[in-house]
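Please keep the sequence and the model in view while reading.

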Amino acid sequence: MKIQSEHPPLQAKSVLRFAICSIAGTLLFLIPLPIRGKSDLLVAASADYLTGLLAPALPWILTAFFTAGALVSLVHFIWPVPFLERSSLLRESFSMSLPKLLARIFGAAFFAMNALQIGPACIISPATGGTMYSLMLSLAVWHLMSFYLFSLLMDFGSMDFIGTLIQRIMRPLFTLPGCAAIDCMASWVGNGPFGVVITKMQYQAGYYSRRESAAVASCFSIVSVSFCVIVAKTLHIMDYFGSYYLSITVSTILCAVILPRIWPLKNVPDTYCPDTPAQCDIPAGNGTLGRAAACAAKKAGEARLRPILRRSSQTALDFFLGVFPVMMACGTLMLIVSEYTPVIRWLAIPWEYLLSALRVPEAAAAAPALLVGFVDMYLPAVAGSTISSDVTRFIIGSVSIGQLIYMTETGAIILKNRDIFGLSFPRLAAVFLLRTVISLAAALCFASLLF
């Protein structure tokens, strides 16, 4: 961020737009409220309600949408369609390389097989394609609403206000702009995949460079608090929830401090989105609060509805045509590998020796449970639930949340947008392994104090 030499006067209209939109966005995305007897985000509760209303039709709507998208993409790949080429909105969604086209086709095919319950058992099994199919249905309405409503936080000054306030903390600690805190909060109380998507949106809006986007996506797009509770219940460690959650918090902070400073995140180019000015210029003023308010008011005053709706529509179209099918294809294939092959057990052998050397009880059972987290965030809890040692189950639960890179969710989205995040599959795997090592060290420390 740059410092301007002048402090422009605050306009009442801009300040009011910033205040109203920020309050609305905060209530929607950042503050859990008591809703129908439980604590939940307003946007999540609304999405769950709409998902319930659409439950009979939603599978067929998504099946038709994914199938049509795959067919149009295939036709456009073979014979370019002039209409699609003339529209910038559609050109970006349907013009792609062969690997992305294949991922879109396989994703649409896998989703249709599970909706119709036809095809090989390994694809429509509840443990493989069925898991991804259910995940797609649960996330569809949530993300569609969020793409449009999150503009209340991103386009009307909230990012600029928070970013300016905590810039002096975020830069020295995490080498990131202050607005990364918004990503963290949205993920923490919402879900990780949405954190990655809003990071992409913020890169395109000029808030992050490619390096910063990669660091935020792989360090701050954490799972929600509610999912941490689910993991704790599955592993029967709710009696230690305070220590378990503190371990997760410490490991997350350690990863966010260390990883942006080392390979592979350090090697991602520190360049901004082409033709997009870096956000935001910080006006000089008498104090941080005054500068934050001026920056936020400036952003709110410049916000225009039509460009916001266009960008949100482009993001939504790209997500449903591109990201969802890739998640379905990658997630299903990774779950098939985990469920039907010994690959995970082979790869876990070095981890078994490491855990044994660290005197972790039942190391042979714990090693595959830790490694399978690369496939899906819930699999470690399932694999570790039968382990008798409280120490080992505590370690598995803490590490599985800290790993963050799950190929059924955040990993697939980052990989699909590797032109933005600069992380190929090997580099993404390296980030996962580094996060596992750091989270394991934190979990071992807490386990030694607790047990």
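In which loop is the place of P264? In this predicted model, P264 lies in the loop between α16 (241–258) and β4 (282–283). The peptide bond that leads from W263 to P264 is cis, its omega being near 5 degrees. Most peptide bonds are trans, and most residues other than glycine have a negative phi.

Two residues call for attention with regard to phi. H236 is not a glycine, yet its phi is positive, near 60 degrees. H236 belongs to the loop between α15 (225–234) and α16. With a relative accessible area of 52%, H236 counts as exposed, because the cut-off for that class is over 50%. R359, likewise not a glycine, has a positive phi of about 65 degrees. The loop between α20 (349–357) and α21 (363–371) holds R359, and this residue is exposed, at a relative accessible area of 77%.

The helix pair may now be examined. Two packed helices are described by the angle between their axes and the distance between the axes. For helix α23 (residues 390–403) and helix α26 (residues 425–450), the angle is about 145 degrees and the axes are 8 Å apart. The crossing in which α23 passes α26 is right-handed. On the α23 side, the contact is made by V391, F394, I395, S398, V399, G402 and Q403. These residues meet F432, R435, T436, S439, L440, A443, L444, F446, A447 and L450 of α26. Classified by residue type, the contact of α23 with α26 comprises eleven nonpolar, five polar and one charged residues.

Notes: Residues numbered from 1 in each chain as written. Predicted model: local features only at pLDDT ≥ 70, side-chain atom pairs only at ≥ 80, totals over all residues. Heavy atoms only, no water. Axes fitted to C-alpha atoms, helices over the stretch in contact; angles between N-to-C directions. Helix = DSSP H or I, 4+ residues; strand = E, 2+ residues; numbered from the N terminus. Left-handed = near helix turned anticlockwise from the far one by under 90°. Contact = heavy atoms within 4.5 Å. Nonpolar A, V, L, I, M, F, W, Y, C, P; charged D, E, K, R; others polar. Buried < 20%, exposed > 50% of the residue type's maximum accessible area, 1.4 Å probe, protein only.
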